[in-house]
Number of protein chains: 2
Amino acid sequence: MNQVKQAKRTTIYDLAELAGTSASAVSAVLNGNWKKRRISVQLAEKIMRIAEEQGYALNMQASLLRREKSHIIGMIVPKYDNRYFGSIVETFEDMARARGLFPIITCTRRDPQLEVEAARTMLSYQVECLIATGATDPDRITEMCAAAGVRSLNLDLPGALAPSVISDNFAGARELTRRILKNSEQRLGKMEPLLFIGGRGSDHNTAERIRGFRKAHADLDVAVHEENILACGYAPEKAEKALDERALGGNALPKGMFVNSTISLEGVMRWIRRSGHLDDRSLVLGCFDWDPFVTLLGNGIEMVRQDVPGMLTKVFELIESGANKPVVIQVPPLIPEAQEA
Amino acid sequence: MNQVKQAKRTTIYDLAELAGTSASAVSAVLNGNWKKRRISVQLAEKIMRIAEEQGYALNMQASLLRREKSHIIGMIVPKYDNRYFGSIVETFEDMARARGLFPIITCTRRDPQLEVEAARTMLSYQVECLIATGATDPDRITEMCAAAGVRSLNLDLPGALAPSVISDNFAGARELTRRILKNSEQRLGKMEPLLFIGGRGSDHNTAERIRGFRKAHADLDVAVHEENILACGYAPEKAEKALDERALGGNALPKGMFVNSTISLEGVMRWIRRSGHLDDRSLVLGCFDWDPFVTLLGNGIEMVRQDVPGMLTKVFELIESGANKPVVIQVPPLIPEAQEA
DNA sequence: AATTCTTGCTTCATCGATTGAGCAAGCTTG
DNA sequence: CAAGCTTGCTCAATCGATGAAGCAAGAATT
């Protein structure tokens, strides 16, 4: 870096002066369409050399103000504390960049107020499209975007006003339930109804998973007990508390459980350890979501892994197709080979 | 949303026309300094009402172009696939917002090329400050920022040209090693030297942790064998492979291991299961980094949890103090109470 | 030699928000 | 009632990049 400390940043006007040419020529050269604008190779090379020497960096604000498209794509995401959302964000950034878009992501902590503020801020930054991932009120966000003439899409949780890409929660839950029931039969010698724990009864995914859970029981002629469906929220503490309360409730706890997220599984595992069930093989678990350490817990826990690349591929297809109708696209989750127990 | 579908977004000029006033008054009202500009309460209220009705959203590009400060703060981060970086990102967003800054974050997958590109892009977006987290070449980023007159800071891994905030890796590793050795003595009846696995020998953190690892052995008069220091990289597969190779190497594998990240621990656990060591208590493990599921693995694995809020508090203190000297601030990690084995 | 074409630039308006300067009308003060 | 102050606005330049339109000089065509 062989220049003096500069208070102001270098602009195309500075470069123009240094090169003895006009700002317009500099702009044309630096944004690559200098052939179209008939700038000579000599001048182009000179400008590029000087830009390099000066460590010039485009002022995106000025550029975006002038251009019609921002090429910015926004995503809001509830949390970064599990593999599912982490993978969504990482894959999203990758795929966006591969398409020449600039991804901006913000985490809203499942807070409806923050979601709205984040969406407004993203609109201020002229996003061309906003992906609302796991939003508590996706339709509110779609409305805000629509008012600004910006596209929006829902991911993970569906909305009624914009296209949505979600896992096939029903099919995934049905298969996961079937596997837990089978494992339960194999390990315990009989097939007993399972406990469902975690998630919010009000959210679409949990509702669908409960439906799949019921269906799998029905498929095998096992009756589901209402008291064994505990949509107590996602936090580990909530799962732990719900199990404590359920355990007090007279009837014995089921030996098999369908846990609705890795986050809830943390609470379930803590409860299991605390209540002394850890080492015996009498508990048969399954989890809707994937984490590498869960495999290593060694309890033969079945997992459903949501197909993040598949979902995001659909998201970008929707964006590119320009579709705006509020369809719901369901992507089948991946169910790894059964775990050795 | 009671307006017609609009192709163009509403600007202050549109609002000015609707309110029968000037764009300048609208701007003053909407950015809150209308009292200073002596706009009457009536007009202010009228403008705010109309802005609301029209679903007006500021064009940040135009606003930033004019203003001197962008209030944007950037962060680059290597991965989103573990609790440590997830927590850094979430905490960073929170603390930035609490200070009226707009955080933008991008993931560079430990790819030096991507890091440089990401930094250049962030400079284009006029970030006021860039935090390079776990960067492979932090000094390169500092140089780029300096050339644009932008501040930069290093987090997690130190650099030589900008202030750095990192964990006290030496002290953390020393204490972790001490605990593993103690557990090892308690469980196996004797104190044997440990194996160190994971990380890159070339990175500062791994080097410091190895130093702490050695120091703890020396403190207890235990000799460290060179062949038991395997800085094989972070990926799970690399740890697994390194253990395979080490196992072939004649001498018996140590029963105690210091694992240099949760990511490496995945590989170690897989290797342990594969080689049939899982259920016996002869293996004594510790991990530099924290994940809730590791507690639940039930092998009594000790963990060091890096103090993310503490580190980010230091980061923002540095930013606010305006300090630019390349100091290295070491934040002591948190070592949870010993695990029940 | 006059006309047209091509090459290689420059000029200037523009994007939307911000803000110093200015101005008109009403109100005070001596 | 003239001079000065206050109130409540508007005007116009500006931030940096972009690209349509234009222009001068040389080459090619008639």
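**Close-up views of a predicted protein–DNA model**

About 140 Å³ of space lies in the largest cavity. The model is predicted, so that local features need pLDDT of at least 70 and side-chain atom pairs count only at pLDDT 80 or more, whereas totals for chains, interfaces and linings use all residues. Residues are numbered from 1 along each chain as its sequence is written, chains are lettered from A and ligands numbered from 1 in the order in which they are written, and side-chain values use heavy atoms, with hydrogens and water left out.

View 1. Four cavities of 30 Å³ or more are found in a search of the whole structure. A cavity is a set of points, on a 1 Å grid over the protein atoms alone, where a 1.4 Å probe fits but cannot get out; lining residues have an atom within 4 Å of a point. Points are joined across faces, edges and corners, and the volume is the space filled by probe spheres set on them. The largest cavity is lined by 18 residues, of which Arg83(A), Asp291(A), Asn82(B), Arg83(B) and Asp291(B) are the closest to its centre. At least two lining residues come from each of α11 (262–274) and α12 (292–296) of chain A and α11 (262–274) of chain B; α11(B) gives the most, with three. Helices (H or I, at least four residues) and strands (E, at least two) are DSSP runs, numbered from the N terminus. The lining comprises seven nonpolar, four polar and seven charged residues. Here Ala, Val, Leu, Ile, Met, Phe, Trp, Tyr, Cys and Pro count as nonpolar, Asp, Glu, Lys and Arg as charged, and the others, Gly among them, as polar.

**View 2. The protein surface near DNA strand C.** DNA strand C is surrounded by 26 residues, the closest being Ser22(A), Ser40(A), Ile12(B), Tyr56(B) and Arg66(B); a residue is near a strand if one of its heavy atoms lies within 4 Å of it. The side chain of Thr21(A) places an N or O atom 2.8 Å from a phosphate oxygen of DNA strand C. From chain B, a polar backbone atom of Asn59(B) is 3.4 Å from a phosphate oxygen of DNA strand C. With four residues, α4(B) gives the most to this surface, which divides into ten nonpolar, ten polar and six charged residues.

**View 3. The protein surface near DNA strand D.** Around DNA strand D lie 26 residues, with Ile12(A), Tyr56(A), Arg66(A), Ser22(B) and Ser40(B) the closest. Sugar or phosphate accounts for 51% of the atoms of DNA strand D within 4 Å of the protein, and bases for the rest. The side chain of Ser24(B) has an N or O atom 3.0 Å from a base nitrogen. The most residues, four, come from α4(A).

View 4. Thr106(A) lies in strand β2 (residues 102–107) of chain A. This residue is buried, with a relative accessible area of 4% (buried: under 20%, 1.4 Å probe, protein chains only). The side chains of Thr106(A) and Glu93(B) are joined by a polar contact of 3.3 Å (a pair of N or O atoms within 3.5 Å; within protein, one must be able to donate a hydrogen and the other to accept it, and residues adjacent in sequence count only if both atoms are side-chain atoms).

Conventions
On a 1 Å grid over the protein atoms alone, a cavity is a set of points where a 1.4 Å probe fits but cannot get out, and a pocket is an open set with protein on both sides within 12 Å along at least five of seven lines; lining residues have an atom within 4 Å of a point. Buried means under 20% relative accessible area, exposed over 50%, partly exposed in between (1.4 Å probe, protein chains only).
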